[in-house]
Amino acid sequence: MKIQDGFTIDAPAADVWALLSDPERVADLLPGAKMGDMIDDNTYSGGMFVKVGPLAVAYDGTVSFQLNESDRSVQVRARGRGKRGMGTAEMTMTSQVVAHGDARTEVTIDSDVVVTGILAQMGRGMIQVVSKKMLQEFVGNLTKALA
Amino acid sequence: MSDNGSNGTGFIGASLKRKEDARFLTGRGRYTDDINLPGQLYAHLLRSTVAHANLGSVDISAAEAAPGVHAVFTGPDMEGVGGIPTGWLIHSKDGSPMVEPAHPAMAIGKVRHVGEIVAIVVAETRDQAREAAALIDIDYQELPAAASIEAARADGAPLVWDEADGNLCYDWEVGDRAAAEDAIAGAAHTVSIDVVNQRLVPNAIEPRAAIGSFDPTTDVYTLYTTSQNPHLIRLLLGAFVLGLPEHKLRIVAPDVGGGFGSKIPHYAEEAIITWTAGRLGRPVKWTSDRSEAFVSDTQGRDHISTATLGLDEDGKFVGLKVSTQANLGAYLSTFATCVPTYLYGILFAGPYTTPAIYCEVEGVFTNTVPVDALRGAGRPEATYLLERLVDKAAAATGIDRVDIRRRNFIREFPYQTPVALQYDQGDYDATLDLALEASDWDGFEARRSEAAGRGKLRGIGISTFIEACGIAPSAVVGSLGARAGLYEVGSVRVHPTGSVSVFTGTHSHGQGHETTFAQIVAETLGVDFEAVDVVHGDTNAIPFGMGTYGSRSLAVGGTAIYNAVQKVIAKGKKIAAHLLEASEEDIEFADGNFTVAGTDRSKSIGEVALTAYVPHNYPEGLEPGLEETAFYDPLNFTFPAGTHVAEVEVDPETGVVELVAVTGADDVGRIINPMIVNGQLHGGLAHGIGQALLEHCEYDAEGQLVTGSYMNYTMPRAGDLPNFNINHNTTHCTHNPLGVKGVGEVGSIGVPPAVINAVVDALSPLGVTHIEMPATSERVWQAIQAAQAQD
């Protein structure tokens with residue numbers, strides 16, 4: 001499922017990029033995310049807890065980052081397996097930081113989410129809504145962090 | 001005795017309260033999950049979360065070591081055990097047999113749909129089994145999926161089975177192609193339609209369950225299972241899968257909470273649970289939860305069709321050609337192959353005299369849950385297509401919708417259709433007239449105007465239909481590829497004191513057999529209704545049987561019981577003649593009494609029964625006892641018919657469809673219990689309305705079921721339904737002694753096109769000519785917007 005989203009924040013693009021290009025800080029700000037050990041330069045183990053309607057799924061897996069300093073974009077690939085046989089989730093997310101003047105920054109987010117198992121069966125219609133809500137919380141946390 | 005087999009005691013035709021309801025309504029029903037055997041273990045079945053993948057490593061070591069776990073088995077452990085068989089061999093146009101791939105009970109090497117069983121975990125408790133299953137590590141090497149008919153038939157589509165080119169199981173046909181095409185080519189008018197008959201989930205209220213056990217003292221396996229046909233399961237599981245003879249395998253289908261066709265097939269779970277119980281030497285129980293049912297119960301319908309009807313100047317149908325693609329799912333379930341062929345293509349005459357008909361069907365494999373029978377099974381799909389097409393023909397020719405149907409009705413019987421069936425009788429004008437009057441069809445325009453004043457678009461729709469029930473005879477279905485006979489068995493045991501046990505090979509899972517069959521026996525044998533009990537669902541108790549589906553139980557199973565009663569009466573006459581010192585030919589039987597004709601000398605059935613078991617004064621050479629069994633193989637299908645009328649109001653701002661009236665005029669043959677018959681009609685109508693307006697089973701392109709819960713699969717609720725206006729015009733079936741036809745599937749066959757015809761009628765002033773099922777508010781709103789954009 002493809003989800004297009006984005007936000008604009010009152011902060012300089014360089015500050016926003018500095019934060020978004022630091023995986024550990026991103027994980028701190030993303031609700032439900034937990035960063036584990038570094039596996040290689042670009043890859044970490046990690047966990048994600050998502051609540052979709054009546055379902056709560058805890059995923060364990062890996063997340064890798066591909067930073068592109070030249071256009072201030074980052075591609076994040078996450079793969080996780082749900083605990084207790086709850087199926088799998090896979091996400092590819094590309095974010096780009098675009099300066100709008102000195103103090104205003106737009107971040108575009110294109111993601112492709114594939115879930116299997118019980119979450120696909122029961123919660124698919126809600127994934128978009130849940131992802132929007134998570135982004136809102138993330139932006140809130142981000143705003144505070146940059147303030 | 002009257003011409004309809006009645007002794008006049010009044011049980012037949014009476015709305016007696018159902019014998020079974022006391023236990024159901026007080027929570028004392030005994031369903032499979034209510035049964036617990038000593039030493040029982042619990043199974044959890046680990047199912048594929050992906051639609052198509054090679055199975056890499058399957059690591060069960062952590063699960064095996066988990067608390068309470070007794071065993072973990074995967075597909076390769078069951079190698080050597082037979083695969084799940086298919087019940088009907090279909091041949092393609094070129095005479096070649098269908099592609100019939102292997103169907104292992106658990107996946108070996110590959111998974112082909114979400115929900116396919118990969119492993120069984122057996123533990124002390126259900127929770128332990130579930131927890132341990134989560135520890136199994138499966139390396140799914142995912143493959144592209146063919147998750148719909150279109151995707152599976154596209155060039156270069158992923159193959160569900162390597163041996164099935166183009167994912168084609170068969171390419172079947174019925175009727176005379178050249179005759180139909182010639183008739184259409186020479187027709188004054190031609191009308192075409194493309195329709196989708198969407199996939200449905202059966203949703204029986206009781207999820208499936210199974211308990212397997214093995215008795216080492218007798219070497220007998222017992223399987224308790226939620227089945228509509230226990231003897232069929234014994235045949236398939238014993239002969240084809242486990243290699244067990246009948247006397248070493250007992251199948252019990254106790255109280256079963258609805259089936260709608262989804263409990264006909266022999267499921268892999270039945271084989272796995274029975275086999276596992278044998279391996280472990282302990283009883284093993286599995287109970288499906290609702291989420292599991294969504295991805296493991298067989299699903300229904302799922303056709304894409306295109307059809308053309310030719311008409312002459314007067315609106316008479318001259319030729320019909322139908323091309324259908326039917327989704328069979330990833331594996332061939334027991335009756336998957338015959339539902340879209342011999343239960344579908346042969347229905348296209350409907351109640352009409354169309355002289356040339358041709359139907360071709362592609363059976364298509366996809367990476368989805370297997371498809372099998374669902375209430376109506378093939379006949380709703382055919383009826384929907386035909387009745388939508390007839391409405392389009394009326395619109396195209398300017399002939400009134402009712403008139404065009406009447407111009408084409410069959411009125412001479414028996415009638416041989418061009419698609420194999422021969423109708424024995426019917427009176428289609430009578431049910432049509434009844435429905436028009438009961439629905440106040442003629443007063444509709446006033447109601448339309450009144451609704452328009454409230455800003456609502458009101459529409460009325462009609463469907464006139466036949467169904468073919470009580471599928472038979474065995475020799476005919478055998479020649480068409482059926483791998484079983486379709487007769488039924490009834491046994492009537494009159495006990496020494498005159499009470500009666502009736503044993504039937506059919507199975508009741510909501511149909512009320514315990515009542516209806518008791519009414520037949522009480523009336524024909526002249527005993528009290530309370531003195532008759534009906535036994536079903538246990539292969540150790542019942543001589544044999546083929547089970548319940550296709551509205552066959554009364555027409556085939558009821559007739560077998562009736563015939564067994566006649567054998568009892570015939571033997572009773574010999575005993576009574578001896579006691580009364582009269583000639584057997586002079587004995588008449590009525591109201592439970594054997595009487596010497598023209599005298600008042602008689603013996604009651606109770607006296608005769610006692611004599612049969614205490615044969616001190618008894619005819620020489622006659623066996624003691626009073627128990628008879630009849631196998632009944634019907635001479636033909638039965639042909640219930642009817643007219644359904646639906647009336648809707650559409651809100652043009654929101655697209656919301658309100659179903660305001662449903663009228664049925666049905667000919668279901670002779671009625672034994674009107675309350676049960678009307679209950680069946682109500683249930684079928686609700687089911688059909690669910691398909692027309694609400695239900696839709698959908699997969700995404702990867703083969704994930706996205707309508708896998710009641711949050712996104714919409715079942716009809718009471719508030720979605722109007723009061724049903726049910727009417728009967730009864731004609732008797734000519735080839736069974738009770739004159740009965742069948743009723744269980746009527747609503748789901750007849751009403752969907754009536755509802756959609758009503759919605760299209762409501763929207764027709766806006767230029768809308770077709771809408772697909774389910775006619776949800778979104779679809780209706782989109783159709784309105786699209787029509788207005790064209791203006």
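**Exercise 1. Find which residue of strand 11 of chain B is the bridge partner of B:Tyr224, and describe the sheet.**

Solution. In strand 11 of chain B, B:Val252 is the bridge partner of B:Tyr224. Strands here are DSSP runs of E with at least two residues, helices are runs of H or I with at least four, and both are numbered from the N terminus. The model is predicted: local features need pLDDT of at least 70 and side-chain atom pairs pLDDT 80 or more, while totals for chains, interfaces and linings use all residues. Residues are numbered from 1 along each chain as its sequence is written, chains are lettered from A and ligands numbered from 1 in the order written, and side-chain values use heavy atoms, without hydrogens and water.

Next, take the strand pair. Strand 10 (residues 220-225) and strand 11 of chain B pair in the parallel sense over 4 bridges; two strands pair if DSSP finds at least two bridges between them.

Then widen the view. An open sheet of 7 strands in chain B has the order 3-5-1-12-9-10-11, with mixed pairing. Its edge strands, strand 3 (69-74) and strand 11 (249-252) of chain B, each pair on one side only.

**Exercise 2. State how helix 9 and helix 10 of chain B cross.**

Solution. The axes of helix 9 (residues 379-397) and helix 10 (residues 401-408) of chain B come within 9 Å and cross at roughly 110°. Axes are lines fitted to C-alpha atoms, for helices over the stretch in contact, and angles between N-to-C directions run from 0 to 180 degrees. Helix 9 and helix 10 of chain B are therefore roughly perpendicular to each other, a term for angles of 65 to 115 degrees.

Now list the contact, meaning heavy atoms within 4.5 Å. Helix 9 of chain B contributes B:Glu387, B:Val390, B:Asp391, B:Ala393, B:Ala394 and B:Thr397, and helix 10 of chain B contributes B:Arg401, B:Ile404 and B:Arg405.

**Exercise 3. Classify the ring pair of B:Trp161 and B:Tyr331.**

Solution. Rings of Phe, Tyr and Trp (its six-membered ring) pair if their centres lie within 6.5 Å; planes under 30 degrees apart count as stacked, over 60 as edge-to-face and the rest as tilted. By this rule there are 22 aromatic pairs over all chains. The centres of B:Trp161 and B:Tyr331 are 5.3 Å apart and the planes stand at 80°, so the pair is edge-to-face. The two residues are 170 residues apart in the chain.

**Exercise 4. Locate B:Pro414 and describe the peptide bond from B:Phe413.**

Solution. B:Pro414 lies in the loop between helix 10 and strand 16 (415-416) of chain B. The peptide bond from B:Phe413 to B:Pro414 is cis, with omega near -5°.

Note on methods: Angles under 35 degrees count as roughly parallel, over 145 as roughly antiparallel, 65 to 115 as roughly perpendicular and the rest as oblique.
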